[in-house]
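The report below reads through a structure step by step, moving from single helices to the overall build of a chain.

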Amino acid sequence: MTGEGRELAVTHLAYLDAGSGSLIVQAVVGGVAGVAVAAKLYWRRLVARFRRQPTDQG
Amino acid sequence: MALPDTGLRDEPGSFRDPGNRVFHRAGEVLRGLDERSARDWRALAASDFFRDLLANGQVCGTQELFPTPVDVPWAAVLRHERVPFVSHPYEWSYGMLRDAALLHLEVLRAALAAGFTTKDGSAYNVQWRGARPVFIDVGSFEAARDGEPWAGYRQFCQTLLYPLLVQAHLGLDFQPFLRARIDGIEPDQMRRLFGGARRWRAGVLTHVHLHGAMQDRNAEASTSAVRAQLRAAGYSRELALATVRGLVKLVRRLDHRPGESHWSDYQRTCAYSVQDRQAKEHFVDRAVATMGPGRVLDLGANDGRYARIAARHADHVVAVEQDPAVVDALYRALRDEGERRILPLVMDLADPSPGGGWRGVERAAFAERAQADVVLALAVVHHLAIGRNVPLPEVLDQLAALTVTGGSVVVEFVHPEDPMARRLLANKPDGLFPDYRREAFESLLAARGRVVARTELPSGTRTLYQVVVGG
């Protein structure tokens, strides 16, 4: 996963914009407990997706 | 007494956080704060950790003005201690950037432990008092909100960590990257540089590849939604501190030393005799002493020998040298001595830092910042005039332009017969520099100032001049 060939979605984040991905990656960098937090976040996102009606997906 | 409303000048490099702005008035550096920033400041001013950082000199001296001036549109105004010379990260050596990163992390660690954080994580938050870094962005502190990661992490990566990784792991000088991009190197670019086996180097997999991938995958998610999700998933202040500890550990590991270069051995291999050097040291010492305290600019500082002599008399010395490895060695030596008045900087005199950022003034050009009471140009004129083909009158114009009116240029003319000049001339077509002669040089000097001292070095092929500019 190198990002090459993808659309340039996030190359210019605003100043004082922490960046969503930059926030999440900090959990992973924070060690085992952090990985657990990131896993929980992704798990909740997954569960939330299945709970929603398919038409909510946009 | 009402303050006069004249002479107020906004700092062009301070507009990105609308909540506070640095401005200058009557030689003072002031910072205006809006209501919210004023509340943050008062909480900060009452905290122990901030008092400790101030006492240790890790944060620049700051006081609130009472009463608050009424002629500015701010809820509170702070006065900052002046930094002797404003420099930009692309003018620092590797060791300087690394120490700036470590200071930033230490300031953040202390803040987090006390319930505060910093809004950003930029290398531009750091300046220098001699060889000691100081955190200047007092407006960056705010109360930490539980369950939120550091908002400045992305900037820290782009302007501090990634340039360190580029140099430590790839051996590329980081300065051109930062000079070209005011916001630093983006994760997407770093991923291209660190493909293949390079992804396994220290810090790369997480801070570069995972970071970049996470940015791509979460491009559509707002930071407020992600903050809420992280909070709900149990992100804690302890985790934020663990992240900072991890970053400190990584930056400490990146103890790269730029390799030997042509210039790093210059003092030992160059053509000076002991007598020449002594005569030169004496001349510089006397010239700077007669000018009294102030700023000295040492152009082509090499190992800092003459910068140190100048520092006997000057308030501060800016020692400019183009070779990053030489500057790094000088920085480490000065840092270990605890030197606070000599600031070493990396810059090519034939390609000085231009203005950068918004309208080209957000980061001031070197020429805008560098006016000095004494300019030392020792063994550099021949490198510019012969080595870089800069017309001799223009070299002297530039030296004069860097000197305040009434200040001195101390300049060494290396005669065309000198071995070093001959070596340079040997690489150029014959007869290319007919005006590179001592008489021509002296008449150019006379047109730009008054020669108040002159000495020929014992070797007989070099002459030193002290010229009072506009005098």
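In this predicted model, helix H18 of chain B, which spans residues 438-448, has Phe441(B), Leu445(B) and Arg448(B) as buried residues. These three cover an arc of only 65° around the axis, and they are therefore placed on the same side of H18(B). On the other side of H18(B), the exposed residues are Glu439(B), Ser443(B), Ala446(B) and Ala447(B). The partners against which the buried residues of H18(B) pack belong to chain B, and they are listed in the table.

| Element of chain B packed against by the buried residues of H18(B) | Residues |
|---|---|
| helix H16 | 392-401 |
| strand S14 | 403-414 |
| strand S15 | 449-456 |
| strand S16 | 462-469 |

The buried residues are Ser20(A), Gly21(A), Ser22(A), Leu23(A), Ile24(A), Val25(A), Gln26(A), Ala27(A) and Val29(A).

Turning to chain B as a whole, its secondary structure consists of 18 helices and 16 strands. For a chain of 471 residues, a compact globule would have a radius of gyration near 23 Å, and the 25 Å computed for chain B agrees with that expectation. Along the principal axes, the C-alpha atoms of chain B fill a box of roughly 75 × 65 × 40 Å. Of the 471 residues in chain B, 47% are buried. When the contacts in chain B between residues at least 6 apart in sequence are considered, 68% of them join residues at least 24 apart.

One residue of chain B may be picked out to close. Arg42(B) is located in helix H1 of chain B, which comprises residues 35-45. Is Arg42(B) buried, exposed or partly exposed? Because Arg42(B) has 13 C-beta neighbours inside 10 Å, it counts as partly exposed, the limit for an exposed residue being 12 or fewer. Between the C-alpha atoms of Arg42(B) and Pro434(B), which are 392 residues apart along the chain, the separation is 66 Å.

How values were computed
Residues are numbered from 1 along each chain as its sequence is written. Chains are lettered from A and ligands numbered from 1 in the order in which they are written. This is a predicted model: local features need pLDDT of at least 70, side-chain atom pairs count only at pLDDT 80 or more; totals for chains, interfaces and linings use all residues. A residue is buried if 20 or more other C-beta atoms lie within 10 Å of its own, exposed if 12 or fewer, and partly exposed in between; C-beta atoms are placed from the backbone. Helices (H or I, at least four residues) and strands (E, at least two) are DSSP runs, numbered from the N terminus. The arc is that of the directions from the helix axis to the C-beta atoms. Two residues are in contact if their C-beta atoms, placed from the backbone, lie within 7 Å. The radius of gyration is taken over C-alpha atoms; the globule rule is 2.2 Å times the number of residues to the power 0.38.
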